[in-house]
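Biologist: I am new to this structure. Please take one part of it and walk me through that part closely.

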Amino acid sequence: VANPDGGGTRRLTGTPRLDAHPSWHPDGTMLFQSPREEGHTRIFQMRQDGSGQRSLAATTGFCGVPFAAPDGTRIAFQCSKAIRDFGTAAAPWRIHVLDAGSTKPRTVTHGPGNDQVPTWSPDGKNLLFFSDRSGINQLYELVLETGAVRQVTQGPASHSSASYSP
């Protein structure tokens, strides 16, 4: 972490593995992914000073890129249940949601292709993600209440890693 002016940088994790994709939780803690437990990459949470690091769910495979819902009650992330090499998925990527207080995430996307990098809508009702289910990465929106998925972008260019405007 660093101060807004870029000074005062502090390292928060010290594992020999690659802790990555940090994001802030509304309660002031930080979410991140780490392959530190049993060779699986899992979602972790820690305090702002780096203390209290804990795995949020005993997932298998490669799970990462966590983002908390605006109200802090859920965390969305991508997960591939099987990996070949570090970071290389052998099974499709799916979007998962972990409810606060639970250790069992639920899979919320099931379509063809790889679904990755979920971000929450400002009201916490939808998730925006990218997927290659059309043959090339395009943006899709998932309505969590119904499970409906609609394609947001189309065309020959690859689209990925988008977010909603606040």
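Modeller: A word on naming comes before the tour. Strands, written E, are DSSP runs of at least two residues, numbered from the N terminus. One more caution: this is a predicted model.

Let us start with the sheet. Four strands form an open sheet in the order E9-E10-E11-E12, and their pairing is antiparallel. Strand E9 (115-120) and strand E12 (149-151) stand at the edges. Each has a single partner strand, so one side of each is left without a neighbour in the sheet. On average, neighbouring strands of this sheet are turned by 30° against each other, direction ignored. In general, strands of a sheet pair through backbone hydrogen bonds, either parallel or antiparallel.

Now to E10 and E11. Strand E11 covers residues 138-143. E10 and E11 run antiparallel, joined by 6 bridges. Strand E10 spans residues 126-131, and Asn126 belongs to it.

Is Asn126 buried or exposed? Its relative accessible area is 15%. Buried means under 20%, so Asn126 counts as buried. Which residues does Asn126 touch, leaving out those up to four places away in sequence? The list is Thr119, Trp120, Ser121, Glu141, Leu142, Val143, Leu144 and Tyr164. With Glu141 there is also a polar contact, side chain to side chain, at 3.4 Å.

Next comes the loop between E10 and E11, where Arg133 sits. Arg133 has 22% relative accessibility, so this residue counts as partly exposed. The side chain of Arg133 makes a polar contact with the side chain of Asp115, at 2.8 Å. Asp115 is also on the list of residues that Arg133 touches beyond four places in sequence. Take Pro112: Arg133 and Pro112 are 21 residues apart in sequence. In space, their C-alpha atoms are 5.2 Å apart.

One other pairing is worth a look. Strand E1 (residues 20-24) and strand E2 (residues 30-37) pair in the antiparallel sense, over 3 bridges. Trp24 has Met30 in E2 as its bridge partner. E1 and E2 form a hairpin with 5 residues between the strands. In this hairpin, Gly28 takes a positive phi near 95°.

Methods:
Residues are numbered from 1 along each chain as its sequence is written. This is a predicted model: local features need pLDDT of at least 70, side-chain atom pairs count only at pLDDT 80 or more; totals for chains, interfaces and linings use all residues. Side-chain values use heavy atoms; hydrogens and water are left out. Buried means under 20% relative accessible area, exposed over 50%, partly exposed in between (1.4 Å probe, protein chains only). A polar contact is a pair of N or O atoms within 3.5 Å; within protein, one must be able to donate a hydrogen and the other to accept it, and residues adjacent in sequence count only if both atoms are side-chain atoms. Contact means heavy atoms within 4.5 Å. Two strands pair if DSSP finds at least two bridges between them. Axes are lines fitted to C-alpha atoms, for helices over the stretch in contact, and angles run from 0 to 180 degrees between N-to-C directions.
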